[in-house]
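Here are a few exercises to work through with the model open in your viewer. Try each task yourself before you read its solution.

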Amino acid sequence: MAQASKAFLSIDSLSKSFGQGEARVQVLKDISCDIERGEICVLFGPSGSGKSTFLNMVGGLEPADSGSISVNGVDITKLSDHDLVEYRRRELGFIFQFYNLVPDLTVRENIEVCQYLSHEPLPLDDLLKSLGLWEHHGKFPNQISGGQQQRCAIGRALVKNPSLLLCDEPTGALDYHTSKEILELMERINQEYGCTMVIVTHNDAIRHMSHHILRLRDGQLAEDVHNTHLLPARELSW
């Protein structure tokens, strides 16, 4: 497997298009950036700018037309389908806007599903307590609030003990107060577990708690800066 940049996540000359002939649309155009281990990196851009495609490609769900994506020194664009499955099991946790919980499983069981996928999972009881879900672990998703459902979704991603968390609009379906709680939780997760986070969002305030800010525009990288004055999540306002 190709060894690459010392950065934990290194994107080099990444391009992606969809469609054929006159209907072909280039979604990402020659993207290059490095994200260091342990960073919270926020990815902005208007609808259609390529954010979700970027996230799916880092997650090994979409192949690249050209360029490379190196995670922890391994170029995932060169992996076989079998090795991509192992990569997702070993390295990744996914957090989605709409939770994607299994309605017929309890909070504990929804998290256990992903615990079984990991060779070195986090202790489930400790995680439930850390997420504020201990008192709700026997409830089903329709018996808890949206914020608690998102905490469950975060727990499902985190129990695998991933080195990389990919978060697609993790507060997009939540109200202001609950969004702040989730951002504080993600900040604490980053500090306690040291996992690298890539957060796709439309909420510009999240940049102030993030170490690294990326912005896509028309498939190109329009902004790539580091934040030298971090604000705690509890101090964010929008």
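This is a predicted model: local features need pLDDT of at least 70, side-chain atom pairs count only at pLDDT 80 or more; totals for chains, interfaces and linings use all residues.

Residues are numbered from 1 along each chain as its sequence is written, and side-chain values use heavy atoms, with hydrogens and water left out.

**Exercise 1.** Work out the strand order of the open sheet and find its edge strands.

*Solution.* Start with the terms: helices (H or I, at least four residues) and strands (E, at least two) are DSSP runs numbered from the N terminus, and two strands pair if DSSP finds at least two bridges between them. The six strands then line up as 6-7-8-3-9-10, with mixed pairing. Strand 6 (92–95) and strand 10 (220–226) each pair on one side only, which marks them as the edges. Next, look inside the sheet: strand 3 (residues 40–44) and strand 8 (residues 196–200) run parallel and are joined by four bridges. Here Val42 stands opposite Ile199 of strand 8.

**Exercise 2.** Find which strands helix 6 lies across, and its angle to strand 8.

*Solution.* Angles run from 0 to 180 degrees between N-to-C directions, using axes fitted to C-alpha atoms, for helices over the stretch in contact; contact means heavy atoms within 4.5 Å. Helix 6 (residues 176–193) lies across strand 3, strand 7 and strand 8. Its direction makes about 155 degrees with strand 8.

**Exercise 3.** Decide which residues of helix 2 are buried and which are exposed.

*Solution.* Buried means under 20% relative accessible area, exposed over 50%, and partly exposed in between (1.4 Å probe, protein chains only). In helix 2 (residues 81–91), Leu84, Tyr87 and Glu91 are buried. They lie on the same side of helix 2 because they cover an arc of only 60 degrees around the axis, taken from the directions from the helix axis to the C-beta atoms. Their cover includes helix 1, strand 4 (66–71), strand 6 and strand 7. Asp81 and His82, both exposed, sit on the face turned away from the buried side.

**Exercise 4.** Count the disulfides, then explain the state of Cys195.

*Solution.* A disulfide is a covalent bond between the sulfur atoms of two cysteines; the cut-off is a pair of cysteine sulfur atoms within 2.5 Å. Searching the whole structure gives zero disulfides. The closest cysteine sulfur to that of Cys195 belongs to Cys167 and is 8.1 Å away, so it is too far for a bond. Finally, check burial: Cys195 is buried at 1% relative accessibility, and Cys167 is buried at 0%.
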